[in-house]
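Please look at the sequence and the structure below.

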Amino acid sequence: MMTFYFSDTVVLLFDFWSVHTPTGMVLSVVVVLLLSMLYEAIKMGKAVLLRRALLALPHSLSREELVEPEEGDTSPTQGRWFRYHVGQTLFHVVQVVLGYMVMLAVMSYNAWIFLGAIAGSTLGYFVVYPLLGRG
């Protein structure tokens with residue numbers, strides 16, 4: 001059956017995450033809510049890193065300008081874009097993993113878990129979005 005239902009029993013993501021009590025359901029909803037908030041924070045962090053990477057990108061896109069700085073080179077912007085790109089890549093991997101975890105939790109079709117994911121995404125966006133302009 002693939003319809004949403006309200007219940008205090010569910011198995012989420014792994015066999016050991018089996019909920020059978022109302023207290024367990026509340027804790028599971030809080031965990032899913034926090035995962036959704038973290039997903040939104042990672043998404044915004046990735047946007048901040050993208051902006052910094054674009055600002056650090058050299059004006060010339062020649063191969064010599066894009067490689068890591070050599071020993072003794074004092075140019076602070078040369079190669080810095082690469083570190084931002086590596087950071088973006090790591091953020092992207094974490095974002096994909098969190099996104100799939102939240103999606104699979106919602107696919108349990110438990111309405112409480114679904115509402116926790118929606119509330120976490122909403123709260124995460126509301127809290128983190130104003131910080132985007134400061135990064």
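Val93 is partly exposed, with a relative accessible area of 47%. That follows from the cut-offs: buried means under 20% relative accessible area, exposed means over 50%, and partly exposed is in between (1.4 Å probe, protein chains only). Val93 sits in helix H3. His85 is also found in helix H3. His85 is partly exposed, at a relative accessible area of 39%.

This is a predicted model: local features need pLDDT of at least 70, side-chain atom pairs count only at pLDDT 80 or more, and totals for chains, interfaces and linings use all residues. Residues are numbered from 1 along each chain as its sequence is written, and side-chain values use heavy atoms, with hydrogens and water left out.

**Overall layout**

The protein has four helices and two strands. From the N terminus on, the order is β-β-α-α-α-α. Helices (H or I, at least four residues) and strands (E, at least two) are DSSP runs, numbered from the N terminus. Of the 135 residues, 31% count as buried. Take the contacts between residues at least 6 apart in sequence: 69% of them join residues at least 24 apart. Contact means heavy atoms within 4.5 Å.

**Pairs across the chain**

The table lists C-alpha separations.

| Pair | Apart in sequence | C-alpha distance |
|---|---|---|
| Val93 and Ile42 | 51 residues | 10.0 Å |
| His85 and Lys46 | 39 residues | 9.7 Å |
| Val19 and Asp8 | 11 residues | 7.0 Å |

**Two helices side by side**

Two packed helices are described by the angle between their axes and the distance between the axes. Helix H1 (residues 22-56) and helix H3 (residues 80-106) pack at about 160 degrees, with their axes 9 Å apart. So H1 is roughly antiparallel to H3. Angles under 35 degrees count as roughly parallel, over 145 as roughly antiparallel, 65 to 115 as roughly perpendicular and the rest as oblique. Axes are lines fitted to C-alpha atoms, for helices over the stretch in contact, and angles run from 0 to 180 degrees between N-to-C directions.

H1 passes H3 in a left-handed crossing. That means the near helix is turned anticlockwise from the far one by less than a right angle. The residues of this contact divide into 17 nonpolar, seven polar and four charged. Ala, Val, Leu, Ile, Met, Phe, Trp, Tyr, Cys and Pro count as nonpolar, Asp, Glu, Lys and Arg as charged, and the others, Gly among them, as polar.

**The nonpolar cores**

Which residues have the most contacts inside the largest nonpolar core? They are Leu12, Met25, Val32 and Ile113, in a core of 15 residues. H1, H3 and helix H4 (111-128) each give two or more residues to this core. H1 supplies the largest share, five residues. A nonpolar core is a set of buried Ala, Val, Leu, Ile, Met, Phe, Trp, Tyr and Cys residues joined through side-chain atoms within 4.5 Å. Another core, of five residues, lies apart from it; among its residues are Leu49, Ala53, Ala56 and Trp81.

Ser28, in helix H1, counts as buried at 3% relative accessibility. Ser28 touches Leu12, Trp17, Val19 and Ile113.

Is Val19 buried or exposed? Val19 is buried, with a relative accessible area of 4%. Val19 lies in strand E2 (residues 18-19). Its contacts are Asp8, Thr9, Val10, Gly24, Met25 and Ser28, leaving aside neighbours within four places in sequence.
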